Amino acid sequence: MKPPRSMFPFQSEREEVPDDDAAEPPAYLKLDIDANHNQRVVFQEIRTHKRVTRTELANMTGLTKPTIVNVSRQLLQAGLIVEAERATRGRGQPAWVLELNPDGAYSAGLNIDRDHLTLVALDLSGQIRGRVSTETSFASPKEAQRFVASAWRKLATKSNIPLNRVIGLGIALPDELGTLAFPGKPPSYEVWAQVDIAGLFEKTYPGPVFVENDAVAAAIGEAQFGHGLEAPSFVYILISVLLGGGIVINRNYFRGENGRSGEIGFMQVEIAPGVTCALQDVVSLGALSERLKHHGVVIDGPGDLKRLDAEGDHVVEQWLEEACGYLTSIFAQIGRVIDPDSVMLGGRLPNHLLDRLAALCRERQEDDRSARSIDIRHAQLSSDAPAIGAAILPFQTLLFPSLQMLGRF
């Protein structure tokens, strides 16, 4: 087997959006609370337990009752929590029950990649309240600006989201987006290497902006709202146009000395005796797209993988079986070095294919009795994972405590 000759992003028409450079940026939510440790811990307990009294919060956190009263008052004033009906269990005066207010604040997340642009809005409960996406190849910074300006309005009008309650914008994109050699990349795409990503969208959103690698964002999102709540140490595999990875150890994202940990796509695999290539050359949406194209099947985006004919499905199944072989050999090495609870497969591969790939990897792992058994599963945050993870970044930075700090192991 030879390495694929090229891996072109999915081709589709660009969405035409108006130039909004002259528009006045909207207001944004500035939280009128001190984001100290006690407030973060109390807020996290309310968020996690859904309905809880002040007395229960004192028992859970070890904080004094007066501190709980003071902190809960601040959270109520900020609109982040609400008082529900009084609890009626037990004797004595019933106590007010505190609940998370999902509409107390929102966060937006933008994923920029070589084949698409996606903007999502999350509420405080982590639910997606709005999503706008376009399949477009090698969007320029100017086109990304126009997309966000248009998408921002759609989130407000179609999803009924008050944009002045958005506390921050997270942006997730691959490292070296403009400089990494990539077949089909136009020379003009290198402009991304000179762009101030955080300042690119200030005319649309003037509030706090957080920029992160796409795989890192996906892994952080999984740790805060996905299966990571059950697995304190895991490896996240992001299957997009290329292949990325993220490592979470004891609830903390592990970046490495130079911030480049998790670069699983560049790990070498043997595709024929004496012939090796980067893992992302054979396991990625780009590689699958090329495989299908070689068999006369052209797709315009991941959604087309749900509508293939029998021949196309057969090609995909063959690719999944080969991808499984490459991945399980890598997972065996990761297991010996990191010893994670789980390996989670996510990204833009449709859910049914992620389920199938995870099942194949588990079967292959069981057949190899010399390999350490690792829980391999479909990540809870898979579709739009980088955008969702990006939207979680403002919440994590401004509101949530460190999960390790809470001692949830």
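**Helices and sheet: a short walk-through**

Helix α1 crosses helix α2 in a right-handed sense, meaning that the near helix is turned clockwise from the far one by less than a right angle. This is a predicted model, where local features need pLDDT of at least 70, side-chain atom pairs count only at pLDDT 80 or more, and totals for chains, interfaces and linings use all residues. Residues are numbered from 1 along each chain as its sequence is written, and side-chain values use heavy atoms, without hydrogens and water.

Helices (H or I, at least four residues) and strands (E, at least two) are DSSP runs, numbered from the N terminus. The axes of α1 (residues 37–49) and α2 (residues 54–61) come within 10 Å and cross at roughly 115 degrees. Axes are lines fitted to C-alpha atoms, for helices over the stretch in contact, and angles run from 0 to 180 degrees between N-to-C directions. In α1, Val41, Val42, Glu45, Ile46 and His49 meet Leu57, Met60 and Thr61 in α2; contact means heavy atoms within 4.5 Å.

Now the sheet. Three strands form an open sheet in the order β1-β3-β2, with antiparallel pairing; two strands pair if DSSP finds at least two bridges between them. At the edges are β1 (51–53) and β2 (81–86), each pairing on one side only. Between β1 and β3 (residues 96–100) there are three bridges in the antiparallel sense, and Val52 stands opposite Leu98 in β3. Helix α1 packs on this sheet, touching β1, β2 and β3, and its direction makes about 90 degrees with that of β3.

Last, helix α3 (residues 65–77) lies across β2 and β3, at about 110 degrees to β2.
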